[in-house]
Amino acid sequence: MFIDTHAHLFYPNFKDDLNEVLNRAKENGIDNILIPSTDIATSKEVIELTGKYDFIYGAVGVHPHDSKDWDTSWIKEIKELAANVKIKAIGEIGLDYYYDFSPKVKQKQSFRAQIELAIELSLPIVVHTRESDEDVDEIIGSYKETNLKAQFHCFSGDKDRAKRLLNLGHYISFTGNITFKKADELREVVKYIPLDRLMIETDSPFLTPVPNRGKRNEPSYVKFVAEQIAKIHSISLEEVGRATSYNVFKFFGIGEMPKVSYTYQLNGNLYINITNRCNADCFFCERESDAVLKGYNLGMKKSEEPGANVYIKEIGDPKKYKEIIFCGYGEPTIRWDVVKEISMYVKENGGRTRLNTNGHGNVINKKDIAPEMEGLIDTVSISLNSAEPEQYSKIMGVDKSMFYEMKNFTEKAKAFVREVILTIVQVNEIDIEKARKFTEDELGVTFRERPYFG
């Protein structure tokens, strides 16, 4: 259920009871553990541990504390160590100005050299930062045009820093620090970060989470970090486990690709994955890549699309959910007849429905489908993306005329659906206020922004 992405199990205080520690981890739902190194010697210890236990993986590299004697010849040795099949990253590396263990110049040399090795090897990096955010971010930013992937472990920065790192495509990881009594500001940062960019860790043997503060930290305690994230995001523990485990698979290659889901639960709602097909090609959509959302694989082929009876069986009692939402990576109205059949079942059994669409349903079905939504769809949420037809066309990968089709569909839907919402993705180039006025003043429907990290 969980993966601890940062545990220093080579430390002496695990020497006498490591097997018991690992057994407790397994008993508490920890499927895999990643052990980062701190220098050449511990890199070799990590490799030894990964060979002994099949569910343990490692990272090799030199920590900033150990970079005082940094020599360029070390890169060759790290590269050789990284060739081991169980090594999934370079790390932990970075900058630490809190302690004066290594000169800043040496730390920066070590950090850059290991980043460049990771890029060469197409491996991600595990980043340590302490009182060095500005320099770390400047160095990381200088590689934004490369294939660099970074996990910012034990994150303690603010929302602005998190946003900058997320926009560069990197991941944020939290440990027991988010459970501490005085960590309210950090918990607000956790709330801000989308679930599909989060990882969890213990940083064992340090930063033991509540309720075990004062004890040695160990991988089994990562569940307390997951529980805190679930509480902050108001979601189930299972959702946290599924999403963070997939993030680890995507980032480190640890674990396996989840099977295709026809329905998926998020925030008390049940989502219906009708199709992965779409008549548009939005630049921010991952439909053509892995098509995985928060650990749910939505990337089914046309030949795998099931009939309404399969969805109805998985729904069961629709009253168990706040809403039944037709939403995947594809356009639901491509299978409009199936949507209607499922909606009829949901409404007959006391449930609420919402259709998430690009608003092209009339063109797709070659008829006006708005009247058919009456009594079946409670809310329709339409992707606006831009109030400017030319920009809309560019974002959506469709002809400019589809902007007016979307607008027309919105106006017609108002007569048959209780609530109509237009949504827009928060991309810098889009005039958000113009879109808001277009939605509220011209069309008279609800406006909603959707966060986006490029």
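Which residues point one way from β3, and which the other way? The close-ups below start there; they come from a predicted model.

**View 1. Strand β3, seen residue by residue.** I56, G58 and V60 go one way from β3, while Y57 and A59 go the other way. Whichever way they point, all are buried. With five of five residues buried, β3 (residues 56–60) is largely enclosed by the rest of the structure.

**View 2. β3 alongside its partner β2.** Here β3 is shown with strand β2 (residues 30–36), and the two pair in the parallel sense over four bridges. To find your way around, look for I33: its bridge partner in β3 is I56. I33 turns up again in the next view, as a member of the largest nonpolar core.

**View 3. The largest nonpolar core.** In soluble globular proteins, nonpolar side chains tend to be buried together. This core has 72 residues, and the ones touching the most other members are L9, I33, I90, I115, I125 and F174. Helix α8 (residues 222–233) is the top contributor, giving six residues to this core. There's also a second, separate core of 51 residues, with I274, I312, I377 and F409 among them.

**View 4. Zooming in on I125.** Leave out residues up to four places away in sequence, and I125 still touches I90, I93, I115, A118, I140, L148, K149, A150, Q151 and F251.

View 5. Two elements, β4 (87–96) and β5 (125–130), each give two or more residues to the lining. Of the elements, β5 gives the most, with three residues.

View 6. S383 is part of strand β15 (residues 379–383). Buried or exposed? S383 has a relative accessible area of 17%, so it counts as buried, the cut-off being under 20%. Setting aside neighbours within four places in sequence, the residues in contact with S383 are T357, N358, Y392, M406, T423 and R450.

Conventions. Residues are numbered from 1 along each chain as its sequence is written. This is a predicted model: local features need pLDDT of at least 70, side-chain atom pairs count only at pLDDT 80 or more; totals for chains, interfaces and linings use all residues. Side-chain values use heavy atoms; hydrogens and water are left out. A nonpolar core is a set of buried Ala, Val, Leu, Ile, Met, Phe, Trp, Tyr and Cys residues joined through side-chain atoms within 4.5 Å. Buried means under 20% relative accessible area, exposed over 50%, partly exposed in between (1.4 Å probe, protein chains only). Contact means heavy atoms within 4.5 Å. Two strands pair if DSSP finds at least two bridges between them.
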